[in-house]
Amino acid sequence: MKPFSMRKFMSLLSLYFFSISALSGAILFFTPPTRVANAIHWTFLGLAKAEHVRFHVIFSSLFAIVAMVHIYYNFTAIKLYLREKWA
């Protein structure tokens, strides 16, 4: 069994949070304005617009945090890539 790799874990976690954030962002893009959504009691997947907004903010924040940790663990590889591209 291979040892646990924090780099791989952070990469997959980043992909997971990004996917959820992108999906919730797409849902919010197509929702009616808040006043209309509240007036018609709009829901999608059992959640009101305000709940979708909270969901999106939470997962976008988690994505930003995990992306920073991902960059920290892959900084050497990123630095080598940029040096190769700009040299």
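Q: Starting at Y72: buried or exposed?
A: Y72 is exposed, with a relative accessible area of 64%. The cut-offs are under 20% for buried, over 50% for exposed, and partly exposed in between, with a 1.4 Å probe and protein chains only.

Q: And what about Y73, how does that count?
A: Y73 counts as partly exposed, at 35% relative accessibility.

Q: What am I looking at, and what are the ground rules?
A: This is a predicted model, where local features need pLDDT of at least 70 and side-chain atom pairs count only at pLDDT 80 or more, while totals for chains, interfaces and linings use all residues. Residues are numbered from 1 along each chain as its sequence is written, and side-chain values use heavy atoms, with hydrogens and water left out.

Q: OK, what's the layout of the chain?
A: Along the sequence the pattern is α-α-β-β-α-α, with four helices and two strands. Those are DSSP runs numbered from the N terminus: helices are H or I with at least four residues, strands are E with at least two.

Q: How much of the chain is buried?
A: Of the 87 residues, 21% count as buried. The chain exposes about 7000 Å², and carbon and sulfur atoms supply 72% of that. The areas are Shrake-Rupley values with a 1.4 Å probe; for residues, only the protein chains shown count as cover.

Q: Let's do α1. Which residues are buried there?
A: M10, S14, F17, I20, S21, S24, I27 and L28. They pack against β1 (43–44) and α3 (49–73).

Q: What does the end-to-end distance of α1 say?
A: Helix α1 (residues 6–30) has 25 residues and should span 36 Å at 1.5 Å a residue, which agrees with the 36 Å between its end C-alpha atoms. The expected span is 1.5 Å times one less than the number of residues.

Q: And which residues of α3 are buried?
A: K49, H52, F59, V66 and A67. Their packing partners are α1, α2, β1 and β2 (47–48).

Q: What does S24 touch?
A: Not counting residues up to four places away in sequence, S24 touches F55 and H56. Contact here is heavy atoms within 4.5 Å. S24 is buried, with a relative accessible area of 2%.

Q: How many aromatic pairs are there?
A: Eight. One of them is F17 with F59: the ring centres are 5.7 Å apart and the planes at 55 degrees, so the pair is tilted. F17 lies in helix α1 and F59 in helix α3, so the pair ties together parts that are 42 residues apart in sequence. Another is Y72 with Y73, which is edge-to-face at 5.5 Å centre to centre and 75 degrees between the planes. Rings of Phe, Tyr and Trp (its six-membered ring) pair if their centres lie within 6.5 Å; planes under 30 degrees apart are stacked, over 60 edge-to-face, and the rest tilted.

Q: Which residues do ring pairs link into a cluster?
A: Y16, F17, F55 and F59.

Q: New topic: where's T31, and what is it in contact with?
A: T31 sits in the loop between α1 and α2 (34–39) and is buried at 9% relative accessible area. Leaving aside neighbours within four places in sequence, T31 is in contact with W42 and K49. A polar atom of the T31 side chain also lies 2.9 Å from the backbone oxygen of L28.

Q: Last one: which residues have a positive phi without being glycine?
A: H41 has a phi of about 55 degrees, and L45 has a phi of about 55 degrees too. Most residues other than glycine have a negative phi. H41 is in the loop between α2 and β1, and L45 in the loop between β1 and β2. H41 is exposed at 66% relative accessible area, and L45 counts as exposed at 67%.

How values were computed:
Polar contact = N/O pair within 3.5 Å; in protein donor to acceptor, adjacent residues only side chain to side chain.
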